[in-house]
Amino acid sequence: MVNDYYDMMHQTREKVKQHAEENGYPAPSSTLTPIFVSLVTRHKLSIIMGEIDKMIARLFVLNDALDNAIEENNLVAVVLIKTRLDEEKAKLRSYERLLDKEGPVKKEPENGITDEMIQRAKDSPIEELLPEELKRGRCRCPVHGGKNPMSFEVKNNRGRCHSCHWEGDTIQLLIDTRSMSFVQAVRYLQ
């Protein structure tokens, strides 16, 4: 399957080059790369979808054959067809994974928060959220507001209170100190 994939990519590149030469266009260059990539992606996706369609058709045929073998009480045929069905299902799962990998459309999460936004929020400096300046990496705990000016420690952009045992990142700090939801905290830190 992997070799088919690389062959398909090579064939697509060759078709694009041939089309460019036949029509007097320059060969794909840096200015045409986005168009070339788009064409290759669409071609790959159409081939993958075609293979998935063929596989689903084969699965229907095998299911019908399995039903017939069961009705006829043909145990040997049932075992052979079941083995073939399992092989086809494994191939289908591998094509589905390939389609997920190659698919250009990213699903937008329901709450509008992406993984990149969450990572940016976690990377936001925790010191900017603290009510007082750090002294040697420590300050008064913003969560429980204790009296000890050295109870809250910041290390690797995470906070930890040695008195109340709170521990967390920038998102958790906003949730616990400003009563924000997770989504609100992530959006606030953008």
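This report walks through a few cysteines, charges and loops in the structure above.

## Before we start

What you're looking at is a predicted model, where local features need pLDDT of at least 70 and side-chain atom pairs count only at pLDDT 80 or more, while totals for chains, interfaces and linings use all residues. Residues are numbered from 1 along each chain as its sequence is written, and side-chain values use heavy atoms, with hydrogens and water left out.

How many disulfides does a search of the whole structure find? The count is 0. To qualify, a pair of cysteine sulfur atoms has to be within 2.5 Å.

Take Cys139: the closest cysteine sulfur belongs to Cys141 and is 7.8 Å away, so that pair is too far for a bond. For Cys141, the closest cysteine sulfur is in Cys161, at 3.6 Å, and that is too far for a bond as well. Cys139 is buried, with 0% relative accessibility, and Cys141 is buried too, at 2%. (Buried means under 20% relative accessible area, exposed over 50%, and partly exposed in between, using a 1.4 Å probe and protein chains only.)

## A negative patch

Now look for Asp64, Asp67, Glu71 and Glu72, which form a negative surface patch. Patch residues have over 30% relative accessible area and no salt bridge, with like charges joined within 9 Å and nonpolar side chains (Val, Leu, Ile, Met, Phe, Trp, Tyr) within 5 Å. A salt bridge here is a side-chain nitrogen of Lys or Arg within 4 Å of a carboxyl oxygen of Asp or Glu.

Helices (H or I, at least four residues) and strands (E, at least two) are DSSP runs, numbered from the N terminus. Glu72 is exposed, at 59% relative accessibility.

## Along helix H3

Helix H3 is also the place of Arg93. Arg93 is partly exposed, because its relative accessible area is 45%. Between the C-alpha atoms of Arg93 and Ile52 there are 9.4 Å, although the two residues are 41 apart along the chain.

## Two loops with a positive phi

Most residues other than glycine have a negative phi. Arg136 has a positive one, near 55°. You'll find Arg136 in the loop between helix H4 (115-123) and strand E1 (138-139), and it is exposed, at 79%.

Asn156 also has a positive phi, near 55°. Its loop runs between strand E2 (152-155) and strand E3 (158-161). With 74% relative accessibility, Asn156 counts as exposed.

How values were computed
Accessible areas come from the Shrake-Rupley method with a 1.4 Å probe; for residues, only the protein chains shown count as cover. Lys and Arg count as positive and Asp and Glu as negative; His and the chain ends are not counted. The place of a charge is taken as NZ of Lys, CZ of Arg, CG of Asp or CD of Glu.
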